[in-house]
Each structure stands twice: as C-alpha cells, then as structure tokens.
Amino acid sequence: MIEILRHRNFRHLFLAQVVALVGTGLATVALALLAYDLAGDRAGAVLGTALAIKMAVYVVISPLAGALVTPRHRKRVLVVFDLIRVVMVLALPFVTEIWQVYLLIALLQTASAGFTPLFQSVIPEILTDERDYTRALSLSRLAYDLESLLSPALAAVLLMVISFHGLFAGTAVGFVLSALLVLGSTLPEPITVRANDTPYARALRGMRIYLHTPRLRALLALNLVAAAGGAMVFVNTIVIMRSTMGGSEQDVAWALAAFGGGSMLAAVLLPGLLDRQHDRRIMLSAGMVMVLGLAATAAVWLFQHWNWWVLAIAWIVLGIAYAGLITPGGRLLRRSASSADLPLLFAAQFSLVHAGWMVAYPLAGWLGEAAGFGTALIALCALAALGLVAAWLAWPAEDPVVLAHRHDDLPADHPHLLEHFADADALRHAHPYTIDDLHPRWPA
C-alpha cells in the first residue's frame, strides 16, 4: 500500500489530505465539547442539527461547485477553499450562541463541499492503474481514520494542557498546510469540456450517470447503511460518555478513537480482500455487520449491560463495517464514467450520499434526546437494514465492466459502431459501459 507514495503528485495530495484531516479531527472533538458547553445534556440534539446543516450544504453545494469549476482552475480553487476553511474555523472559538455555531458550520462546510469531491476526482487521473488506485483508496481511508483515531488521541493529550477552544487553532494549521501542499503539486492536464456545456447541464449529467448506473444506486443505498452507524457514533458519543457514564473530555476522545481504530483495521485489510473478492460481496458483507452491530448494541443498551469496554467493542465493530462500506466506493465510481465525467460523478456522489446523513444525523440526535439511546439505536438499525436490502436488490450479482449491447438508433457506419467493430446486421458490440450521450440507459 505504501509503495504508491512513490508517485510525487499523489504523495503531495495525500499529505495535504492527512494534515487537513488531522485538523478536522481536532475540530470534531472541539465542536462536540463546544456543543456540550453551550447546551449541556441537549448537546446531542445540537450536534445532530449542526451536522444535518453540514449534510444539507453538501447535498446542495457540491454538484454546483463540481459543475462551476473548470478543470484548468482546479488547483487554484482547492487552495481558495482551504483558506476559506481557515477563516471559518478560527471564528468558532468566539461563538457564544448556538445559532452562531449553526451559521459558521454552514459556511465552513460550503467550502468543504466544494473542496472534497474536486480533490477526490483528481486522484484517479493521477493513478491510472486500478491496482494502484485501490491502494490509494485504502490509504485515503486510513487518512480519514486519522480524524476518528489519531486526532481524538491527540486531542486527549492537548486537552491536558489547553482548553478545547485551542483545538480549533490546530484545525486552522492543518488547512494552511493543506493549501501549501496543493500548491506544490502538479495536477493532470485539463480535461476537454464540451463548449456548449452549461454548469447546470454538467451538474445534471453527473446526477444522471449516477442514478442510471445500477452499481452506483447500490453504492448510494450502502452509504445510507454507513450513515446509520456513523451518525450514532458521531452525534451521541459525547452525551453517552459525559452525561450517562460520567466520563471526562479525554474519555470522549478515546471513545471516538475506538471507532477510528476499527475503521483503520478494515482499511489495512481491504486491498488484499479486494484483489481476491468482488466489491459487491465485501460491501454487502460490511453492511450486514453494520446492521447486526447496531442491533446488538441496542440490545445491550436496553438490557442495561453498558460500560466503557462494551462501548469500545461496539464502536470498533461499527468502525470496521463503516470502512468496508465506504472505502471501495471510489473503485465503483471510476469504472462508471469517462475521465471527462469523473469530477461530475464524484460531485454527484458527494451530494447524494450525504442526503442519507441528513436523515441519520437528526434521527440519532433528536430521537436520542426525546426517546432515549435505545430507541435511537433501533431506529438507526432499521434504517441500515432498509439500505442493505435496497443495495442487494439494486446491484446485479454479475456486474461486468464490459457489456454487450446494441444501438438500433444509430446507422451502421456511425463512428462509435465502427470503433468497436459492431456486427453490421445486429449493430451489436461490447465495450466498457458507462452512461453518456450515446448510452443514456443501462442495458437490460
């Protein structure tokens, strides 16, 4: 896995991702503690609302940002988004009202909604070999786990000597270093964009490709499964540890680190598994682990057999399932679009999957406050089960990249048919199939 860091441009972008995520992880802990400082036992509901706002911004802004940013300006825009995030996060320590938290989160996540899918879409252009890209996805998953594992551990150490407000400064440093590393990288040559394309048409094309591709509809459903488990951890860990179990601020950080540790373990094992097993089997198995993990956690909670070690084991299991659901997604996106459409597809993915988080976050926060964590866990388990069934139905057991199909609407001498040596009588041919202007629907 580490050998892919020999690619200079990927190495620079990966390090940019690492430092930004370490900072984001510090902000996650600090935001939870800020919510508890402002709202006390209502911190779960406040966090649920703040994170629902974050998801709403992602759903609305990311496809627009992906369509508006032209390829030749990608590097400059990534740096600008990082600098906007620096300003927003430095303002968070000065808030005194809950509504101010909501406003700053909306502005901060607007920049992230533009940055993240654009950043993700560059990686498959740099690493064109599928094996390298698979390892890059796992390495990136490990980087995301820094937000859940090493950042909370670092936060636990820092909280011994500074207040949680100081953690926001660490986040700002991470975004500044990210901007510098992006500046030091060389992005691939700009992709040719059709002259008559409007931003609106580009955004719609990304959505159309996504929703008309069976494996991506399954990916959307599996992201709902991941959201159900992740929302319980990210929203309610602070309240469970501080109010229910009487833990300290450091205990909150270590509990989040348990979830990140499980996710990191899965990310290390996934490249070897993906070399031997189909993505569908691995991702559906991870979905089953998530559903069963939530069900078992709900049972333990309702029968009041809850302590620190039970929570740690439950969060580790959910972390393993979470990585198994999320990490292979980039492989599915890459094989489902042409190079020119990849940025639009990543933006559509970023937007659509966060719609599931818009449901899961308030469910975890508001229902946890109103009806108790046991009820919230049961509801989230049901949501995960629904997503798992939808994914199983949407994703064909046989999912080849190359599909035989025919074009009855094209003349026999059409350049596309000649390129792929179509049968002159049946107009039937085969090639890697993706949704585009000539292939608006998936073949039966």
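This note covers a nonpolar surface patch and a set of aromatic pairs in a predicted model.

1. Ground rules. The model is predicted: local features need pLDDT of at least 70, side-chain atom pairs count only at pLDDT 80 or more, and totals for chains, interfaces and linings use all residues. Residues are numbered from 1 along each chain as its sequence is written, and side-chain values use heavy atoms, with hydrogens and water left out.

2. Surface patch. Leu265, Val268, Leu269, Leu273, Ile316 and Ile320 make up a nonpolar patch with about 470 Å² of accessible area together. Patch residues have over 30% relative accessible area and no salt bridge, and nonpolar side chains are joined within 5 Å. Areas use the Shrake-Rupley method with a 1.4 Å probe. A salt bridge puts a Lys or Arg side-chain nitrogen within 4 Å of an Asp or Glu carboxyl oxygen.

3. Patch sources. Helix 10 (249-276) and helix 12 (308-326) each give at least two residues. Helix 10 has the largest share, four residues. Helices are DSSP runs (H or I, at least four residues). Leu273, in helix 10, is partly exposed at 33% relative accessibility. Buried means under 20%, exposed over 50%, partly exposed in between.

4. Aromatic pairs. There are six. Ring centres must lie within 6.5 Å; planes under 30 degrees apart are stacked, over 60 edge-to-face, the rest tilted. Phe234 and Phe259 sit 5.4 Å apart at 80°, so they are edge-to-face. This pair links helix 9 (residues 214-244) to helix 10, 25 residues apart. Phe259 is buried at 1%; Phe234 is partly exposed at 22%.

5. Second contact. Phe234 also pairs edge-to-face with Tyr322, at 6.4 Å and 90°. That pair ties helix 9 to helix 12, across 88 residues of sequence. Tyr322 is buried at 11%. Ring pairs link Phe234, Phe259, Tyr322, Trp357 and Tyr361 into a cluster.

Technical notes:
Patches are made of residues with over 30% relative accessible area and no salt bridge: like charges are joined within 9 Å, nonpolar side chains (Val, Leu, Ile, Met, Phe, Trp, Tyr) within 5 Å. Buried means under 20% relative accessible area, exposed over 50%, partly exposed in between (1.4 Å probe, protein chains only).
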